[in-house]
Amino acid sequence: MDETDQQNEPSTNQGDPSKVAPILLDENSIKKQNADEKKEAKKRSREERKAFNREQKKQRKMKKQEEAETFDVIQESDLSLGYQFHQGLRFVQPYYFQFEAWAKRRWLGKTFIEVLTQEFKAHPPEYYKLAVEDGRILVNGNKVSPDWIVKDSSHITHRIHRHEPPVSAKEIEILHHDDSVIVIDKPSSIPIHPCGRYRQNT
């Protein structure tokens, strides 16, 4: 084989990935790559913080809603409530219930309707105005006007007809029980204690 043949002979390295020379990054490329990685990590961190803040805001809103639906002190007459079961759900029969509270210092000097709409957001202002005028909401056992000025030590009651949402009728299973701990499998829809819209269906 002469020199001409050697020049015309195709290279044996073509098409063979193992023979390709490695790509060397210069210093600027490495800096740019590092900067891009930091930028992407920072972006992910911002998105995670936003998602966390949204979840916290949602939890605070739910908690505020629960607090808005209950007065500080709750009393209930002895009732023999019945339960009904339908399509895997447990329903509690509607019942009358009375919320009770004592006037707080921050309420003093405000109108009654102002306190109700600002402190208890479970219902719109129109509901509270009508409930006060109808006598469903009383002060010291007496009817007052929506414009009545709240005074110290005022005892407020609110009688309503409660309709609790249904919960799962699945039987609660005991997974483990010893002298120190008990582990149960509780359906997620059942509250563990009375709160918000739930009083009996817990």
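## Aromatic rings in a cluster

Rings of Phe, Tyr and Trp (its six-membered ring) pair if their centres lie within 6.5 Å; planes under 30 degrees apart count as stacked, over 60 as edge-to-face and the rest as tilted. With that in hand, here's a trio to look for: Tyr95, Phe97 and Phe99 form one aromatic cluster. This is a predicted model, where local features need pLDDT of at least 70 and side-chain atom pairs count only at pLDDT 80 or more, while totals for chains, interfaces and linings use all residues. Residues are numbered from 1 along each chain as its sequence is written, and side-chain values use heavy atoms, with hydrogens and water left out.

Searching the whole structure turns up five aromatic pairs. One of them joins Tyr95 and Phe97: the ring centres are 6.4 Å apart and the planes sit at 80°, so this pair is edge-to-face. Phe97 also pairs with Phe99, with centres 4.9 Å apart and planes at 70°, so that pair is edge-to-face too.

## Buried or exposed?

Tyr95 is buried at 3%, Phe97 is buried at 1%, and Phe99 is buried at 3%.

## Charges over rings

A charge sits over a ring if NZ of Lys or CZ of Arg is within 6 Å of the ring centre and within 35 degrees of the ring normal. Elsewhere, the charged end of Arg90 sits over the ring of Tyr83, 5.0 Å from its centre.

## Helix α4 and what covers it

Helices (H or I, at least four residues) and strands (E, at least two) are DSSP runs, numbered from the N terminus. Helix α4 spans residues 125–134, and its Tyr128, Ala131 and Val132 are buried. They share one side of α4, because they cover an arc of only 100° around the axis (the arc is that of the directions from the helix axis to the C-beta atoms). An α-helix has 3.6 residues a turn, so residues three or four places apart point the same way.

What covers these buried residues? Among the elements in contact (heavy atoms within 4.5 Å) are α3 (112–119) and β5 (137–139). Glu114 lies in α3 and is partly exposed, at 30% relative accessible area. Glu114 and Tyr128 are 14 residues apart in sequence, and 9.7 Å apart in space from C-alpha to C-alpha. After α4 comes Gly135, which has a positive phi, near 90°.

Technical notes: Buried means under 20% relative accessible area, exposed over 50%, partly exposed in between (1.4 Å probe, protein chains only).
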